[in-house]
Amino acid sequence: MDENDTRVWFTRRTLLETGAAAGAALMLTRFPAAALEEPQGETAVTGVTLQVNGQARALELDTRTTLLDALREHLALTGSKKGCDHGQCGACTVLVDGRRINSCLTLAVMHDGQAITTIEGLADGATLHPLQAAFIAHDGFQCGYCTSGQICSAAGMLSESRAGMPSFVTEDLTQSPPELTDAEIRERMSGNICRCAAYPNIVAAIKQVGTPT
Amino acid sequence: MKAFTYQRAETAAHAAALATEPGAKIIAGGTNLLDLMKLQVETPTQLIDVSRLPLDRIEDTIDGGLRVGAMVRNSDLAADTRVRQRYGVLSRALLAGASAQLRYKATTGGNLLQRTRCYYFYDITKPCNKREPGSGCAALAGFNRIHAVLGASDQCIATHPSDMAVAMRALDATVETVDAAGATRSIPIADFHRLPGATPQVETNLRAGEFITAFILPPPPPGVQIYRKVRDRASYAFALVSVAAIVDAAGGRIRQARLAFGGLALKPWRSRPAEESLAGASAGGPAFEAAAGAVLEGARGYGGNDFKIPLTRRTLVAVLTQATRT
């Protein structure tokens, strides 16, 4: 590596310390993980303000920046994970205006002004979100890489279910809201893959939070 | 991803006008386009964002149908009470597609325009007449398990991946468009997608700069509505074969049936001969087998997808059996 090439010398620690206050110079710095994404043609930069976990965050971003990369690489919110980067695994799931999406398959600039909730925004201070507590109580993870996506997805799923939205396995589409059976939870969570196959415990954790007591 | 400029369209006609510029591409949900851009299958130099256009309403039409805006999210269309009560086949087809995260992003208009999931279309190191006209079709003698058995050509054997479009085909939906001058047009969904023929790169009959604004669902026809999807895993997978059926039957006799199929061709496949063979027929094995034979007239496998022919027959018989069960 050319020692004069400073583009790739930011460490993870530097990024975390400077991420929140980062200016345009750092925004355009590329990291080794992004080496495959060589700019082709002229780079376009645009301003965007995201309401992330209740805080307005103004950024200057290459238009190509996905919402996931904006969160992880520019705001140092590394709770949302990059798994497949093609919308197939669900590790990047966040909530936009309360609804779950794959943050890897959308551009940050498309979400100007919208409210983004990540795993970092679910807990209330030191009090865990009920889903976070239930995942721990039910041992709903092993390696943990999919967990933040699973929990954000489950939060969105429980809102959908409470609002009476059906799923493919809902027997009677006119019945509202359908009972949250194991089959319903599994179908509704099928966009979140767990390589460790912690599925039975994930279902149990979600069922506990989703079942009225 | 290659670099691009980004702007939001102010109106549908504005989007249509911007989309005629060289290198411009419209983005709505982006769940398919961004996937393709990351792989450089798509390399637009300008993105026109239409996701915030006020085309996200579902309205009753005076004749008892529905008008669905092109920006209505797949999840919202599936959950709409009127759709669930009157167009169950559409709700079920939407819910069978993708994942909840993708359904919230994906729009009605974008769903219709999504590209094939042919492995070779996605792999820019391989020949593909759809991606690069004249380069050849690697699927013909390659891995073609997911490919077409009806309406294919020696240039392309890809399939259209949408579930929604299959249900819309059974419902005889109409696609409404606008162009840069503000002129509108209605396209029956039957005429929307094209079979590959010698020009697999031309996928629809949309004109340059024509932008989809809405879908019209006519009043639902009488009968039981069923969407059955056969796939490699129980959820979150594209169809190997799917059937959208609307069957009006009573006392063991079929009055009328509509049948549309996914996973078989480059467009949602409707079979009039099969529907005609069922009209007035006595419900049961012989009529169902005859209908399946009519659907599969001229079907051809390419090795890896030979199984789709008997699978289609069995799936259709199962759907018709379910639809006529008293």
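At what angle do helix α11 and helix α12 of chain B pack, and how far apart are their axes? The two helices, residues 285-295 and residues 308-323 of chain B, pack at an angle of about 135 degrees with their axes 9 Å apart. The model is predicted: local features need pLDDT of at least 70 and side-chain atom pairs count only at pLDDT 80 or more, while totals for chains, interfaces and linings use all residues. Residues are numbered from 1 along each chain as its sequence is written, and chains are lettered from A and ligands numbered from 1 in the order in which they are written.

**Domains**

- The domain assignment gives chain A a domain 1 (6-36 + 44-121) and a domain 2 (130-210); such bounds come from an automatic or database domain assignment.
- In chain A, 14 residues of domain 1 are in contact with 13 residues of domain 2, where contact means that the C-beta atoms of two residues, placed from the backbone, lie within 7 Å.
- On the side of domain 1 of chain A that touches domain 2 of chain A, β3 and β4 of chain A are the elements that give two or more residues.
- The largest share of that side, 3 residues, comes from β3(A).
- By class, that side of domain 1 of chain A has 6 nonpolar, 5 polar and 3 charged residues (Ala, Val, Leu, Ile, Met, Phe, Trp, Tyr, Cys and Pro count as nonpolar, Asp, Glu, Lys and Arg as charged, and the others, Gly among them, as polar).
- Chain B is divided into domain 1 (5-51) and domain 2 (224-323), and the C-alpha centres of these domains of chain B lie 36 Å apart.

**The sheet of chain A**

- In chain A, 5 strands form an open sheet in the order β2-β1-β5-β3-β4, with mixed pairing; two strands pair if DSSP finds at least two bridges between them.
- Helices (H or I, at least four residues) and strands (E, at least two) are DSSP runs, numbered from the N terminus.
- The edge strands of chain A are β2 (55-62) and β4 (99-102), each of which pairs on one side only.
- From one strand to the next, the twist averages 40 degrees.
- Strand β1 (residues 45-52) of chain A is joined to β2(A) by 8 bridges, and the two run antiparallel.
- Within this pair, L50(A) has R57(A) in β2(A) as its bridge partner.
- The hairpin of β1(A) and β2(A) has 2 residues between the strands, and N53(A) takes a positive phi near 50 degrees there.
- Strand β3 (residues 93-96) and strand β5 (residues 115-117) of chain A pair in the antiparallel sense over 2 bridges, and T117(A) in β5(A) is the bridge partner of L95(A).
- Helix α5 (residues 147-162) of chain A packs on the sheet, touching β3 and β4 of chain A, and its direction makes about 35 degrees with that of β3(A).

**Helix packing in chain A**

- The axes of α5(A) and helix α7 (residues 199-210) of chain A come within 11 Å and cross at roughly 40 degrees; axes are lines fitted to C-alpha atoms, for helices over the stretch in contact, and angles run from 0 to 180 degrees between N-to-C directions.
- α5(A) and α7(A) are therefore oblique to each other (angles under 35 degrees count as roughly parallel, over 145 as roughly antiparallel, 65 to 115 as roughly perpendicular and the rest as oblique).
- Q150(A), A154(A), L158(A) and S161(A) of α5(A) meet I202(A), I206(A), V209(A) and G210(A) of α7(A).
- This contact of α5(A) with α7(A) has 5 nonpolar, 3 polar and no charged residues by class.
- Helix α4 (residues 130-137) of chain A packs with α7(A) at an angle of about 140 degrees, their axes being 8 Å apart.
- P130(A), L131(A), A134(A), F135(A) and A137(A) of α4(A) make the contact with A205(A), Q208(A) and V209(A) of α7(A).
- By class, the contact of α4(A) with α7(A) has 7 nonpolar, 1 polar and no charged residues.

**Helix packing in chain B**

- α11(B) and α12(B) are therefore oblique to each other.
- The residues in the contact include F288(B) and A292(B) of α11(B), and L316(B) and L320(B) of α12(B).
- The residues of this contact of α11(B) with α12(B) divide into 7 nonpolar, 2 polar and 2 charged.

**The interface between the chains**

- Chain B has 32 residues in contact with 37 residues of chain A.
- By class, the side of chain B that touches chain A has 13 nonpolar, 12 polar and 7 charged residues.
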